[in-house]
Amino acid sequence: MLLASRFRSVWTQRAFLWQVAGKFRLQPLVAGLTRRVFARSPFPLPPVVILQLTEACNLRCRMCYEWGRTGTQLQEGRGGPATLPLGLVESLLDDCRPERTFYSLFGGEPLLYPGFEKMLERAKRNGSSMETVTNGTLLARNAAMLAELGMDLVRVSLDGPREVNDEQRGRGTTDRVMEGLEALYREKQRTGRTSPLLGVIYTVTRDNWHCLERLFCRDLDLRWIDFVTLQMQTFVTREMGLAYERILRREFGCTGTATWRGMLRDPGEFGDLDLGELLRQARRVRSTLLRSGIPTLLFPNTWSEENLSMYLKANWTRMRDYKGHCIAPWVVTDVTARGEVAPCHIFYDLTVGNLGERGIREIWNGEAFNRFRRYMKGRLLPVCPACCQYYGYA
Ligand code: SF4
Ligand code: SF4
């Protein structure tokens, strides 16, 4: 495809624009201004909802905060992985119809969700956009369904060439992901569709920081993908986690504060990471991708040796990307696989209502959610720099 036409097909996709807007912190701004101009009122419903469809996953990735070595699923008293009842999801989709809410699906592994097709059909019928983050191993068998039902965006985790990615995520994983990426590409070619847009997320860890070139310049067929995200692994230090626990207990009477332990890392673990080499590879990868018309999103936003060094040392306040607040609680909410509405992404300790008991409109506008918003005005939680929302909304 010619570069120009490829860009056109990418840039005219609403979902991708929405993602990019989120990345550049324009999403809430655009939505807020639209609301102000046309309705002159605060959001009656969330413009963005992140659905944790299921806690179940078919992989056991080493670094996973849910199923990895220190993962929350292995903590005592969990009682097995939960899955969001389809009835709750359908009610939510219908309740949010006036807002034409954007849904981001994740898990566990979202493609394991038994009601996936029904949910996607309903969302599209309601005029919403939907994206999913997936480990990609079930993509091949779902490619036709995703294209046919109009999924807007699929983001696939791929953390290196086979020898490295399989080490982190399990033997045979990489081949299945590659099959999935190709299957979705072929399906779009066959049907002449441009969606779903297909992205690869590469999470840089202490085990794969040196493999960017091998994946993007050697192994991956760049015709398959529309964009790439290079993100540094998020992590929480013990100090941050304990400070977060104290705040949740003191301010919200919240005692279930264990999620951060799944992301616990000692910054010393990243000591072997050669930032100069990582940045050299990242530069080469980005220019290779750009030559194929593929944009790259970076998390955190500034990839310089100094900034990433501060990041890996958990010296957040000295980062160029440091912000003193997060506006996510005003524009986005999570719904956990247990039906709980959680104002923060991933950190599901504080919840403000269950969809099994009350509708989203009531919870979104309820006292518990508003109390959290009042607390968050102009400040952060100690764990915020470990939250991917921080780099989109803070
Ligand atoms: S695929 Fe995702 S949810 Fe599943 S184990 Fe790996 S990182 Fe965790
Ligand atoms: S950045 Fe902080 S306040 Fe914002 S969603 Fe994440 S944990 Fe919550």
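**View 1. Tyrosine Y391 in helix α16 of a predicted model.** Y391 sits in helix α16, which spans residues 388-393 (helices are DSSP runs of H or I with at least four residues, strands are runs of E with at least two, and both are numbered from the N terminus). Y391 is buried, with 22 other C-beta atoms within 10 Å, where buried means that 20 or more other C-beta atoms, placed from the backbone, lie within 10 Å of the residue's own. Leaving aside neighbours within four places in sequence, Y391 is in contact with F299, P300, N301 and D321 (C-beta atoms, placed from the backbone, within 7 Å).

Residues are numbered from 1 along each chain as its sequence is written, while chains are lettered from A and ligands numbered from 1 in the order in which they are written. In this predicted model, local features need pLDDT of at least 70 and side-chain atom pairs count only at pLDDT 80 or more, whereas totals for chains, interfaces and linings use all residues.

**View 2. The buried face of helix α5.** In α5, residues 116-125, the buried residues are F116, M119, L120 and A123. Seen down the helix axis, they fall within an arc of 95 degrees, so they line one face of α5 (the arc is that of the directions from the axis to the C-beta atoms). Their cover includes α4 (86-95), β2 (102-106), β3 (129-134) and α6 (139-149).

**View 3. The surroundings of ligand 1.** Among the residues around ligand 1 are C57, C61, C64 and R169 (C-beta atom, placed from the backbone, within 6 Å of the ligand).

Note on methods: A residue is buried if 20 or more other C-beta atoms lie within 10 Å of its own, exposed if 12 or fewer, and partly exposed in between; C-beta atoms are placed from the backbone. Two residues are in contact if their C-beta atoms, placed from the backbone, lie within 7 Å.
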